[in-house]
Number of protein chains: 2
Amino acid sequence: MSTAEETAGGEAQAWGEVTPDAARRLLVAAVEAFAERGYHATTTRDIAGRAGMSPAALYIHYKTKEELLHRISRIGHEKALEILRTASRREGSPTERLADAVSSFVRWHAGGRTTARVVQYELESLGPDARAEILALRRQVDGEVRGIIEEGTRSGEFEVIDVHGTTLAVLSLCIDVARWFNVDGPRTPEQVGELYADLVLRMVGARGAAA
Amino acid sequence: MSTAEETAGGEAQAWGEVTPDAARRLLVAAVEAFAERGYHATTTRDIAGRAGMSPAALYIHYKTKEELLHRISRIGHEKALEILRTASRREGSPTERLADAVSSFVRWHAGGRTTARVVQYELESLGPDARAEILALRRQVDGEVRGIIEEGTRSGEFEVIDVHGTTLAVLSLCIDVARWFNVDGPRTPEQVGELYADLVLRMVGARGAAA
DNA sequence: GCCGAAGGTGAGCGAGCGCTTAGTGTGGCC
DNA sequence: GGCCACACTAAGCGCTCGCTCACCTTCGGC
């Protein structure tokens, strides 16, 4: 059905790597359902229904409901990490790279809010093993941002007292976008990305950030 | 400080206004359970068990499980609003008042993480009427912070381009503390409050914020 | 034209859910 | 002492949950 395949804003294309087709439809349906109601409040019947299938079909492609969440979470975190890596490893000053990292990371959280919500807020619904795997990815995410801030601080381009704390705050600011961003609200993901990049440059004391 | 909440077992003293004793014990048990596992994953048997009572006892003091969440959410939001009001209405420059607001708001989210998690992240588990009531409180919370930022901008003490967007970001930053703060981590609530107050003053371009 | 693998369905299992009800113990008041 | 209002419990109702199973369809290879 079109409802399952067209996640608002065309988020579906991000799941192109998932095959076969039925498995992808179920995954996209699960993302929508988890984002709307939360993992525990979502039933397997709801997921299957959104994908236009019977409840039993889910268990042909996934062992349990939790495996669905695990797959979503891993793919989502890998995508988030890739976004930050791209910004972190491009050419340019720490200021430029930090602004790029924040604006693209925020764009992802705002534009792909449905996915981002699940990725960022349903971590604790995973079992211990799956959670440990995802936490390792999160540490890498953290490391990318911290790397830029460290470099800018070392070069004197930034003025940061507590690098770890500031990294935490920057990531926290970006991630929380998934909680409050409203597609029907007054701001586009691009506008929020730009605003946040400016705010973050101010937080790290980058020259010429204010004004 | 009298605002400081501690005791690993729970932040029980904050619920002093709830009577009778059994109703308060159930409420505190619900806060802990909701914070740990989420509203939907928490059973009435779990709540009653933590309070040392049978499942049926819950329904003597509360009509439904949702009423428990509603009560927790309202009391919590009122407390949060009170904290911001106190900071907003004290004497001092916008810079001082904003720093005070942020640091005390953050302290509340970090120190009372258990409560704050429920208050900030289980809003969508409420029914439409209860949610509307809580959203009205949130708008007041928003207004308090925006008021300070507006005043500082008008007086030239701050340098803010997008007042609404910046207000959103400041609150977002504070609220997300409830997601990541770890009682066993390296920072105390006070330290995070201080760090965040500094970061927020930088965000609004307050003079002399970057030390 | 037959076959087995792959992908799907309808019915339904055991478990656990939120919540109710009938009955029990207890303390205060006459 | 007799009585009732109250706080609480044991048992369990009706329902929905995650998940399974017996069976059905489709289709490429020979």
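Q: What makes a residue count as being around DNA strand D, and which ones come nearest?
A: In this predicted model, a residue is near a strand if its C-beta atom, placed from the backbone, lies within 6 Å of it. There are 16 residues around DNA strand D, and T43(A), T64(A), S54(B), A56(B) and A57(B) come nearest. Residues are numbered from 1 along each chain as its sequence is written, and chains are lettered from A in the order in which they are written. Since this is a prediction, local features need pLDDT of at least 70 and side-chain atom pairs 80 or more, while totals for chains, interfaces and linings use all residues.

Q: Why are α4(B) and α6(B) called roughly perpendicular?
A: Helix α4 (residues 65-89) and helix α6 (residues 113-121) of chain B pack at about 105°, with their axes 9 Å apart. Angles of 65 to 115 degrees count as roughly perpendicular, so α4(B) and α6(B) get that label.

Q: Which residues make that contact?
A: On α4(B), I72(B), S73(B), G76(B), H77(B) and A80(B); on α6(B), T115(B), V118(B) and V119(B).

Q: What makes two residues of chains A and B count as in contact, and how many do?
A: Their C-beta atoms, placed from the backbone, must lie within 7 Å. By that rule, 22 residues of chain A are in contact with 21 residues of chain B. On the chain A side, α9 (163-175) and α11 (189-203) each supply at least two residues, and α9(A) gives the largest share, 7 residues.

Definitions and conventions. Helices (H or I, at least four residues) and strands (E, at least two) are DSSP runs, numbered from the N terminus. Axes are lines fitted to C-alpha atoms, for helices over the stretch in contact, and angles run from 0 to 180 degrees between N-to-C directions. Angles under 35 degrees count as roughly parallel, over 145 as roughly antiparallel, 65 to 115 as roughly perpendicular and the rest as oblique.
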